[in-house]
Amino acid sequence: MTRDGHGDPIPIPCHWVRTAGDEEIMIPGCYGTVVAGPHACTCDVPPSRIERAQALIREMHTHHDRLRERLTTLRVDLNDALAELRAATTERDALRRRLGMIESAHVGSPPTRPTVGGGGKKP
Ligand SMILES: [Zn+2]
């Protein structure tokens, strides 16, 4: 153990040690780690490689959940847009049928003069 100039022991903060099996274990240096584990460390030790990976996984799950919610919203918007498109197509087809009936009713009848705005060249 290292001692300071007065002979008092210098506390060693918690630190990570990699084992031969490539695991990381925290050597406790504070009561928080001793009592409750690495998450309760008060030494301000950076997280281990495994803890960083676990935090990244949690972050990715959160991102995935947000993307899933966005996808649900986009599906609803798409279904609404498709319903509007179907309604517009139905209305267009009805108007085309009506126009066809009007045009066929006027086949052979003399052309009518425009009643509003003229629109044609004057002779
Ligand atoms: Zn600690």
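**Contacts and layout**

Mentor: Among contacts in the protein between residues at least 6 apart in sequence, 21% join residues at least 24 apart. Two residues are in contact if their C-beta atoms, placed from the backbone, lie within 7 Å.

Trainee: What kind of model is this?
Mentor: A predicted model: local features need pLDDT of at least 70, side-chain atom pairs count only at pLDDT 80 or more, and totals for chains, interfaces and linings use all residues. Residues are numbered from 1 along each chain as its sequence is written.

Trainee: How many helices and strands does the protein have?
Mentor: Two helices and two strands. Along the sequence the pattern is β-β-α-α. Helices (H or I, at least four residues) and strands (E, at least two) are DSSP runs, numbered from the N terminus.

Trainee: What about helix 2, how far does it reach?
Mentor: Helix 2 covers residues 49-105, which is 57 residues. From its first C-alpha to its last it reaches 82 Å, close to the 84 Å expected at 1.5 Å a residue. The expected span is 1.5 Å times one less than the number of residues.

Trainee: Why does helix 2 lie largely in the open?
Mentor: Because the number of buried residues among its 57 is zero. A residue is buried if 20 or more other C-beta atoms lie within 10 Å of its own, exposed if 12 or fewer, and partly exposed in between; C-beta atoms are placed from the backbone.

Trainee: Switching topic. Is Cys41 buried or exposed?
Mentor: Buried, because Cys41 has 21 C-beta neighbours inside 10 Å. Cys41 sits in the loop between helix 1 (31-36) and helix 2.

Trainee: Which residues does Cys41 touch?
Mentor: Leaving aside neighbours within four places in sequence, Cys41 is in contact with Cys14, Cys30, Gly32 and Thr33. As for Met26, 15 residues away along the chain, its C-alpha is 9.7 Å from that of Cys41.

Trainee: What is phi for Asp44?
Mentor: Near 60°, a positive value in a residue other than glycine. Asp44 is in the loop between helix 1 and helix 2. With 8 C-beta neighbours inside 10 Å, Asp44 counts as exposed.

Trainee: Then where does Asp22 lie?
Mentor: In the loop between strand 1 (15-18) and strand 2 (24-27). Phi of Asp22 is positive too, near 65°. Asp22 has 7 C-beta neighbours inside 10 Å, so Asp22 counts as exposed.
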